[in-house]
Amino acid sequence: MDLVEKKSLLDGVDARTRLAGSNKMEILLFSLGTRETFGINVFKVREVGRTPHITKTPNMPKGVEGLVSLRGNVIPVLSLVSFLDHKDVPVERGATMMVAEYSKRTLGFLVHEVDRIIRVDWEKVKAPESILSSNQGLITAITELENGTLVSLLDVEQILANAFGEALIIDIPPAKVDEEVSVFFVDDSIVARRKISEVFDKLGVKHKHATNGAEGLSRLQGLAAHAQQAGTPLRNDVRLILVDAEMPEMDGYVLTKNIKSDSRFAGIPVVMHSSLSSEANRAMGQAVGVDAYVAKFDAEVLADTLRPMLER
């Protein structure tokens, strides 16, 4: 499949809104010139093309090749292989560039070759704890192809944090809530969990979390059962639920569907917090009933979105 055909697949991304709640993920497979196979969520990729001329810029972070001009916008270009610790690193830089959107950033990822798009069940996308690899911190999940080949899904948030550093959390006024108010959030990214926790700490709100949708649903059902036995509304224990969109084993859309279909969670708003900021993803969130959608990672916007729900 050539680049034109691959781009045509990406052009239809808005039609994928029907995937909302189906617990299926579409992955763009690519290689870095090594023996491993890598993947990235299709919704994070805006386009694929040949690597344009790169302007070398001094004092760039490790892995950042330079800058390119893309339809009037200047964006940084990262060489993904530079972030991964391979014994046999290809001499040539990537001939293909994937243009990715992350929160408010647009950037290019250099790869050796783009293969194809596959669709997998999220329950077959597993956390990478069982994989012994020095790249584990940059891998958010793994899945397996029909021929047994393992696919490592890259953690874009961690790569960007490694390249550019983590965004500083500005002063966030505390929410006007009781000391006992608690929230629950679900996110598989270590970077995101750390930043979300910091936002809730500044808001003065207690918080609990889970690292994927399946774990989150299990823990939330446990909290609901406990509240039911105690004869108290769950809202007394959980004021708000914040979910990531893409997570191994169960995505945020299916998690939200489960929450919204369970009367024990009535009155508890569900906010989707995702690096996938396209209109298609917002539509997917609306399709499963989220009460708000916030793109990662703007701490002030997140706090401003959550504060009125917490103070309600």
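Angles under 35 degrees count as roughly parallel, those over 145 as roughly antiparallel, those of 65 to 115 as roughly perpendicular, and the rest as oblique. Axes are lines fitted to C-alpha atoms, for helices over the stretch in contact, and the angles run from 0 to 180 degrees between N-to-C directions. The model described here is predicted, with local features requiring pLDDT of at least 70, side-chain atom pairs counted only at pLDDT 80 or more, and totals for chains, interfaces and linings using all residues. Residues are numbered from 1 along each chain as its sequence is written, and side-chain values use heavy atoms, with hydrogens and water left out.

The protein chain has eight helices and 15 strands, taken as DSSP runs (H or I of at least four residues for helices, E of at least two for strands) and numbered from the N terminus. Of its 312 residues, 54% are buried, where buried means under 20% relative accessible area, exposed over 50%, and partly exposed in between (1.4 Å probe, protein chains only). Among contacts (heavy atoms within 4.5 Å) with a separation of 6 or more, residues 24 or more positions apart account for 66%.

The axes of helix 4 (residues 190–203) and helix 8 (residues 299–311) come within 10 Å and cross at roughly 50 degrees; the two helices are therefore oblique to each other. Their contact is made by Val199, Phe200 and Leu203 of helix 4 and by Ala299, Leu302, Ala303, Leu306, Arg307 and Leu310 of helix 8.

Five strands form an open sheet in the order 12-11-13-14-15, with parallel pairing; two strands pair if DSSP finds at least two bridges between them. Strand 12 (206–210) and strand 15 stand at the edges with a single partner strand each, so one side of each lacks a neighbour in the sheet. On average, and with direction ignored, neighbouring strands of this sheet are turned by 20 degrees against each other. Strand 11 (residues 182–186) pairs with strand 12 over five bridges in the parallel sense, and Val183 stands opposite His207 in strand 12. Helix 8 packs on the sheet, touching strand 11, strand 13 (240–243), strand 14 (270–274) and strand 15, and its direction makes about 155 degrees with that of strand 15.

Ala295 lies in strand 15 (residues 292–295) and counts as buried because its relative accessibility is 18%. The C-alpha atoms of Ala295 and Ser275 are separated by 5.5 Å, although the two are 20 residues apart along the chain.

Strand 4 (residues 64–70) is largely enclosed by the rest of the structure, because five of its seven residues are buried. Six bridges join strand 4 to strand 5 (residues 73–79), and the two run antiparallel. Leu70 stands opposite Asn73 in strand 5. Two residues lie between the strands of this hairpin, in which Arg71 takes a positive phi near 50 degrees.

A nonpolar core is a set of buried Ala, Val, Leu, Ile, Met, Phe, Trp, Tyr and Cys residues joined through side-chain atoms within 4.5 Å. The largest such core has 29 residues, of which Leu28, Phe30, Leu78, Met98 and Phe109 touch the most other members. Helix 3 (residues 156–164) gives the most to this core, with four residues. A second, separate core of 27 residues includes Ala224, Leu234, Ile241 and Val254. Leaving aside neighbours within four places in sequence, Met98 is in contact with residues including Leu28, Phe30, Ile40, Val45, Leu107 and Phe109.
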